[in-house]
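Q: I have a model open and want to learn how to read its features. Where do we start?

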Amino acid sequence: MPQTLTEKILTRASGRRVSPGDVVEVNVDLVAFHDLTGYHVVEVMEKMGKVRIWDLDKFVLAFDHLAPPPTERAAEIQVGLRKLAKSLNVKYFHDVGDGILHQLLLERYALPGQVVMAADSHTTTAGAVGAFAQGLGASDIAAIVITGKTWLMIPEPFKIRLMGRLNPGVYGKDVALHILREFKAEGLSGKSVEFYVDDPSAFPMDYRATVSNMGTEMGADAAMFIPDQETINYIRNTRNLDVKPVTPDLGAKYMDEYDIELSRLEPLVAAPHSVDNVKSISEVEGLDVDYVFIGSCTNGRLSDIEAAAKILKRGKAKARCIAIPASRDVFERALELGYIDILVKAGCVVTYGTCGPCIGGHFGLVGPGEVAVSTSNRNFIGRMGSKEGKVYLANAAVAAATALEGKLTDPRKYLS
């Protein structure tokens with residue numbers, strides 16, 4: 001029987017032919033945790049009396065959530081994790097400023113066909129390169145770090161086909177929000193979503209990463225882009241590595257399929273207080289906004305910073321704006337291209353390599369009664385600060401245009 005990408009990956013990882021609903025033990029190719037979850041993972045390992053890593057070549061540790069540490073407790077946890085990394089001779093340790101874990105996994109580690117597990121729900125981001133990637137809890141990740149194995153139930157494969165090209169002002173974020181509008185939050189629970197792009201060049205890796213990232217909000221067990229020439233080019237250009245794509249067999253059966261005509265999409269916004277409360281930009285345009293955040297593991301990539309710079313070069317931001325490229329590499333490239341200079345001159349506060357605002361941790365929280373526009377992935381009550389604040393999720397161009405005008409704005413008039 002022909003196999004889907006999901007079935008192919010998990011057949012290899014388990015050593016037996018799998019079908020949806022099977023419960024199997026799989027070998028993990030890459031495991032990771034960050035400062036916020038790492039403390040709990042290590043705590044579990046200590047309780048088990050087994051503080052060890054089964055394969056140093058397959059483990060990544062990054063400080064990103066509370067980095068730099070905004071509290072004494074956060075600093076204490078990072079001190080402990082640094083000592084652990086040194087004592088275990090961790091090879092792939094990323095200290096404060098290197099970047100957000102999910103971006104680092106995408107840039108440097110994850111490969112097509114791998115099984116990737118990490119102690120964070122947005123691990124699905126690695127699905128952009130065709131990896132089966134999931135976020136798991138501390139106990140599960142501790143077991144993987146020690147043994148290199150985990151168990152899972154084979155999800156049902158669901159295919160989404162992306163056809164045509166996006167119009168100016170419309171990005172990967174709008175595809176993710178469109179899917180959330182259609183299927184609702186958690187609507188794809190128990191599914192492994194496989195995205196097929198008709199024209200690989202029409203949907204670059206940055207956009208794929210955004211969609212895979214928000215697979216978590218869709219409830220998907222995994223959100224993978226079927227590897228193609230874009231995948232090959234991305235890994236070659238970022239790592240100087242040639243890879244052989246793992247792809248579904250011809251005639252593979254999916255539990256269902258859904259087509260998206262990209263040219264029909266428009267800029268979308270998720271209004272408070274749910275990721276699936278999705279509206280077109282015209283429905284919310286003109287709303288006064290206090291604060292704009294451009295960044296996160298969802299939309300802190302080079303194309304996002306570029307889109308923001310194209311708009312904010314027109315003047316000073318009227319809403320306060322914080323911009324955070326997702327990694328040091330993205331920051332340095334944006335610096336070389338002049339984007340950082342533009343954002344700074346527009347009045348933005350710019351830093352790099354932290355999740356801070358997205359989780360309401362530091363570097364800019366939403367205050368009581370404030371309205372914020374964020375390029376991150378969640379707008380639940382209190383997610384980014386005060387429970388009395390309101391957060392709208394949008395693409396980077398919408399966020400930048402909103403910062404420029406001080407009110408929710410359709411960016412297409414600046415990009416035509």
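Q: With which side chain does the side chain of D35 make a polar contact?
A: The model is predicted. In it, the D35 side chain makes a polar contact with the side chain of Q78, at 3.5 Å. It also reaches a backbone atom: the nitrogen of L66, at 2.9 Å.

Q: Where does D35 lie?
A: D35 lies in helix α2, which covers residues 35-48.

Q: Is D35 buried or exposed, and which side chain of opposite charge is nearest?
A: D35 is buried. It has no salt bridge. A salt bridge needs the charged atoms within 4 Å. Here the nearest side chain of opposite charge, R82, is 8.8 Å away.

Q: Which residues is D35 in contact with, leaving aside its neighbours within four places in sequence?
A: The list includes A62, F63, D64, H65 and A67. L66 and Q78 are in contact with D35 too, as are I77 and L81.

Q: Now the sheet. In what order do the strands run, and is the pairing parallel or antiparallel?
A: Strands of a sheet pair through backbone hydrogen bonds, either parallel or antiparallel. In this model four strands form an open sheet, ordered β10-β9-β8-β11, and the pairing is parallel.

Q: Which strands stand at the edges?
A: They are β10 (222-225) and β11 (256-261). Each has a single partner strand, so one side of each lacks a neighbour in the sheet. From one strand to the next, the twist averages 20°.

Q: How many bridges link β8 and β11?
A: Six, in the parallel sense; β8 spans residues 156-163. As for a residue pair, K159 stands opposite E257 in β11.

Q: Why does Q114 count as buried?
A: Buried means under 20% relative accessible area. Q114 is at 16%, so it counts as buried. This residue lies in the loop between α4 (101-109) and β5 (115-118). Its contacts beyond four places in sequence include I9, R12, Y109 and F132.

Q: Why does S296 count as buried?
A: Apply the cut-off again: S296 has 1% relative accessibility, so it counts as buried. S296 is in helix α11 (residues 296-299). Its side chain reaches the backbone nitrogen of T298 at 3.0 Å. Beyond four places in sequence, S296 touches residues including I100, C358 and T375.

Methods: Residues are numbered from 1 along each chain as its sequence is written. This is a predicted model: local features need pLDDT of at least 70, side-chain atom pairs count only at pLDDT 80 or more; totals for chains, interfaces and linings use all residues. Side-chain values use heavy atoms; hydrogens and water are left out. Helices (H or I, at least four residues) and strands (E, at least two) are DSSP runs, numbered from the N terminus. Buried means under 20% relative accessible area, exposed over 50%, partly exposed in between (1.4 Å probe, protein chains only). Lys and Arg count as positive and Asp and Glu as negative; His and the chain ends are not counted. A polar contact is a pair of N or O atoms within 3.5 Å; within protein, one must be able to donate a hydrogen and the other to accept it, and residues adjacent in sequence count only if both atoms are side-chain atoms. Contact means heavy atoms within 4.5 Å. Two strands pair if DSSP finds at least two bridges between them. Axes are lines fitted to C-alpha atoms, for helices over the stretch in contact, and angles run from 0 to 180 degrees between N-to-C directions.
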